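Please examine the sequence and the structure shown below.

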Amino acid sequence: MLAKGARAKRSSLKSVLQPFTPLLLRWSGKGSLKTLTKVEPAALALPLQQTALFSGFYINELISRVIEHETSYPQLFQDYLHCLTSLALSQDYVEPALREFEFKLLQTLGYGVDFLHCAGSGEPVDPNMTYRYREEKGFIASLIKDNLTFYGRELLAFEQQQFNDTAVLQAAKRFTRIVLKPYLGNKPLKSRELFTQHILYLK
């Protein structure tokens, strides 16, 4: 999208077109390249720093990679704003906000999996049993323990999107990476590379 004159010294767009500023936009044009005709801030810019800033880059890239362009997703936009607000408030402790957004994004994509029942037997998930994830089927009770295996208590927490436990957070991160991979393909996320470089620089 083109923002004509945005770089001019006296442009009124300069102060508005800033990262992580929710905007109301109007544009014109045919084809994939549009021209911005009106911009209004929908809220104040969200001050993201350090880890929260790289997390913001991550969710932006995630959306751009998996969501169909020029399609309205009003609920996802609200989920996005909620995530950015949580990141701004937490700054360094970003994992719960990221996991919650990833689960919301999966719902938007139409991804559905039953966290409450064993896909093999239909029985309710037992918090103390282990279940192995099978693509397009769900979670099946299993004694095998590998990257696809999760405890029942973790699945129950996924259903409620309760990510206040360290073990659940780690399991949720592992799960979302598994299920988002088909949407993302083999191309690595630039935001992850930037964050890794940032960590190495700090060391």
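Predicted model: local features only at pLDDT ≥ 70, side-chain atom pairs only at ≥ 80, totals over all residues.

Residues are numbered from 1 along each chain as its sequence is written, and side-chain values use heavy atoms, with hydrogens and water left out.

The chain contains six helices and five strands; helices (H or I, at least four residues) and strands (E, at least two) are DSSP runs numbered from the N terminus. In sequence order, the pattern is β-β-α-α-α-β-β-β-α-α-α. The C-alpha trace spans about 65 × 45 × 30 Å along its principal axes. Of the 203 residues in the chain, 35% are buried, where buried means under 20% relative accessible area, exposed over 50%, and partly exposed in between, with a 1.4 Å probe and protein chains only. Among contacts (heavy atoms within 4.5 Å) with a separation of 6 or more, residues 24 or more positions apart account for 55%.

Helix H2 (residues 74–90) has 17 residues and reaches 24 Å from its first C-alpha to its last, close to the expected 24 Å at 1.5 Å a residue; the expected span of a helix is 1.5 Å times one less than its number of residues. The buried residues of H2 are Leu 76, Asp 79, Tyr 80, Leu 81, Cys 83, Leu 84, Leu 87 and Ala 88, and they pack against H1 and H3. Gln 91 follows H2 and has a positive phi, near 60°.

Helix H3 has 14 residues, and its reach of 20 Å from first C-alpha to last is close to the 20 Å expected at 1.5 Å a residue. Its buried residues are Ala 97, Leu 98, Arg 99, Phe 101, Glu 102, Phe 103, Leu 105 and Leu 106. The buried residues of H3 pack against H1, H2, H4 and H5. Just after H3, Gly 110 takes a positive phi of about 90°.

Helix H5 has 19 residues and reaches 26 Å between its first and last C-alpha, close to the 27 Å expected at 1.5 Å a residue. A kink of about 25° lies at Ile 178 in H5, shortly before the proline Pro 182; the bend at a residue is the angle between axes fitted to the seven residues ending there and the seven starting there. Buried residues of H5 include Val 168, Leu 169, Phe 175 and Ile 178. The buried residues of this helix pack against helix H1 (50–66), helix H3 (95–108), strand S3 (130–134), strand S4 (138–141), strand S5 (149–151) and H4.

How do H4 and H5 meet? The axes of helix H4 (residues 152–160) and H5 come within 10 Å and cross at roughly 75°; axes are lines fitted to C-alpha atoms, for helices over the stretch in contact, and angles run from 0 to 180 degrees between N-to-C directions. H4 and H5 are therefore roughly perpendicular to each other, since angles under 35 degrees count as roughly parallel, over 145 as roughly antiparallel, 65 to 115 as roughly perpendicular and the rest as oblique. Glu 154, Ala 157 and Phe 158 in H4 meet Ala 167, Val 168, Ala 171, Ala 172, Arg 174 and Phe 175 in H5. The residues of this contact divide into seven nonpolar, no polar and two charged; Ala, Val, Leu, Ile, Met, Phe, Trp, Tyr, Cys and Pro count as nonpolar, Asp, Glu, Lys and Arg as charged, and the others, Gly among them, as polar.

Gln 161 lies in the loop between H4 and H5 and is buried, with a relative accessible area of 18%. Leaving aside neighbours within four places in sequence, Gln 161 is in contact with Glu 100, Phe 103, Lys 104 and Gln 107. Lys 173, located in H5, is partly exposed, with a relative accessible area of 31%. Not counting residues up to four places away in sequence, Lys 173 touches Glu 95 and Arg 99.

Most residues other than glycine have a negative phi. Phe 20, in the segment before strand S1 (23–28), has a positive phi near 60° and counts as buried at 8% relative accessibility. Glu 136, in the loop between S3 and S4, has a positive phi of about 70° and counts as exposed at 77% relative accessibility.
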